[in-house]
Amino acid sequence: MRVTGSQLVAEVLLEHGVDTIFGYPGGTILNLYDTLYEYKDRIRHILSAHEQGAAHAADGYYRATGKTGVVFATSGPGATNLVTGIATAFMDSIPMIAITCNVPDPLIGRDAFQEVSITNITLPITKHTYFVNHIENLADAIRNAFRIANSGRKGPVLIDITKDVTADTINYKPGKPLPLDPKPAFSAESIRKVASMINAAEKPVIYCGGGVPSSGAAPELLELMEKADIPATYTLMAAGIIGYDNPRTLGMLGMHGSIAANKAIDRSDLIIAIGARFSDRVALNPNKWGKRAQKVQIDIDTSEINKNVLVDFGVTADAKEFLQALLPHIKEKNHTDWVAQATSWKNTTGDIKEGDAMIHPSEIIGAICDNTDKETIYVTDVGQHQMWTAQYLRHDKTNKFLTSGGLGTMGYGYGAAIGAQIGCPDCRVIHITGDGSFHMNLNEACTAVSQNLPIITVIMNNRVLGMVYQWQTTFYGKRYSATSPERKTDFPKLIEAFGGKGFSADTPQEFEEAFKQALKEDGPVWIDCHISPDERVLPMIPGGGTLEDMIIG
Amino acid sequence: MDNTTMRKEVISILVDNQSNVLTRVSSLFGRRGFNIDSLTVSATNDPNLSRITIVFQGTEQSLHQILTQTAKLEVVKQISPLDKRNSIYRELLLIKLRADKTERSAIHEIVEIFRGKIDDLSRTSMIVELTGTSEKIDGFMDIISCYDILEVCRTGITGISRVDEPLITDTKKE
């Protein structure tokens, strides 16, 4: 079948089961959009307000559905607007296919209108990039992009196609998705070694990260926790895989982690790191972190072994495959005293309430949990509200928690919530944000309205850039440089202007009423919650610090 | 894993012979902060592959980082350190020296000892070519530095394994 380059893109995307694309049209990508017109019964295109929103939507779509998100953008500014979204996906190991079109090949390198070398710009934030200026290479590039994005440690791949290629023609030979690269092989010896370390430990603790949800290893993880009676803590990227009511959960660890989690790491004699990379927000002081413990690390990416913290034993393996092989070698055991001790540290602080506002973050999150079901998808932006959500949300292993962990992208939330709601139309999507983050990309409200998405946005509005403000309070002698912008944004009025519904809340009662009302709406709703700027995220261990430096109240 | 002792390693990398490969590899070194002494790119007997040879200084931990991070690049087919005992390393030096008739024969004598070659001669200068290990070239440079050096070009190391079966292991698919 003779097809154009644009039709070839559509056909190869269909081969991979793609039925949804996020994007924004423009000059060089016109041919591809003309083809989308022709394929509109099979491929749905979601137009964003800004390409960054489209990239975050493709990311949120994957995190909610497990299907690789695809984003389209035109050359030049269209392509550069994707950069933050691609970098966010890269840092959190989220597969994504970004397709951009560039100026026609004869104009490449001549500073043509809207020309930019996006393959070079995105080199450090992608697993791979393809520059396609010959139609013969196009189908292979797209098929390989899907293979690379989903093999091993996942991540984004960008394909830049010159405009002439999208108009050129070729014979299309239908194909199938390429098999993924084989997962790393591990030895029987490594299984025995890890099993013997776990079987011998008296105060073991599991520290799990994004590699666990990524490989679908949550059931094996829970089995290991139960069989060997091991308490577990998780990073932001693994929040939600262990139910909040699990008797062995210690909550999140690290800078804003729970006392229990950080203390257990400090007192433990064996730390079992699964799909986690000892980031500087977790192992704040890599030389003193978990100093009493032997450390085992299981990660699919060899380069993560010994990268940040030196471990006693490292295995390169897929978390699920390794845990499946490991479990039969694990002895049933009771660490009754150790588990009791570690979990008792959990309740040493209650919900923290600071400032003179009548509503507190813990009450907002509590009310959200009281009024949503277990299939709910929670999405955050970045900052104080993100940490409060991670801390107070009653994570259940059936719900989903979407957040920008590695890159810490303010403005991630609304685009990601849109992607999640598009991918899971029957799930409730709750977007929890702060007034700082939300001001960055709230323009995507127009997308939520035009797609009629019932996303509920809860704004923890403290009228300051809270996380930076908190650091200035604690470490900079209350010198509030550029964190109190005196904005007068009326959020309920603003969403009304976009065509959605708005509420505001000054008390827990008002919030609960507004939230219940919001659940009945068909389109997007914003709830503006007036919290105090003096509310801090606690506990907190300053960067580079240890357990001894923890600020509790 | 040793995190303190510094060591020097020659690393051999087989990469796809396509445009932008060098950018991909060198940009990785730059952004990960790897310390590279030299880097050479050369053709191989397979037109689809090129060889990159780098000389790297660092700890065992940083060596592991450079090997595993580089192996993750899609264009990298094989990567491994070259075993010192079983490999041959060579470097090429071109050096231009100020030399009038009073100095010529003395310089010529040194060049002979190092089995170098005089490639060009003018009334006031000469160009010397020398191939060898980096240590040999360092030795030559040390002695020749008492003369007036006008320009120096060193290629950096390229290396090859002595044994028939390459010692290079494919770290990519392990």
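A word on the model before I go on. It is predicted: local features need pLDDT of at least 70, side-chain atom pairs count only at pLDDT 80 or more, and totals for chains, interfaces and linings use all residues. Residues are numbered from 1 along each chain as its sequence is written, while chains are lettered from A and ligands numbered from 1 in the order in which they are written.

Back to α21(A). It spans residues 491-498. Helices here are DSSP runs of H or I, at least four residues, and strands are runs of E, at least two, numbered from the N terminus. Which residues of α21(A) are buried? A:F491, A:I495 and A:F498, where buried means 20 or more other C-beta atoms within 10 Å. Seen down the helix axis, they fall within an arc of 50°, so they line one face of α21(A). That arc is taken from the directions from the helix axis to the C-beta atoms. An α-helix has 3.6 residues a turn, so residues three or four places apart point the same way.

What do the buried residues pack against? Helix α19 (445-450) and strands β18 (456-461), β19 (501-505) and β20 (525-530), all of chain A. Just after α21(A), A:G499 takes a positive phi of about 110°.

Next, a helix pair in chain A. The axes of α15 (361-370) and α22 (508-518) come within 10 Å and cross at roughly 35°. Axes are lines fitted to C-alpha atoms over the stretch in contact, with angles from 0 to 180 degrees between N-to-C directions. The crossing is right-handed, the near helix being turned clockwise from the far one by less than a right angle. A:E363, A:I364, A:A367 and A:I368 of α15(A) meet A:P508, A:F511, A:E512 and A:F515 of α22(A). Contact means C-beta atoms, placed from the backbone, within 7 Å.

Now chain B. It has domain 1 (7-81) and domain 2 (87-158), with bounds from an automatic or database domain assignment. Their C-alpha centres lie 29 Å apart. Seven residues of domain 1 touch five of domain 2. On the domain 1 side, β2(B) gives the most, four residues.

Last, the chains together. The contact takes 15 residues from chain B and 14 from chain A. On the chain B side, α2(B) has the largest share, five residues.

Methods: Contact = placed C-beta atoms within 7 Å. Buried ≥ 20, exposed ≤ 12 C-beta atoms within 10 Å, placed from the backbone.
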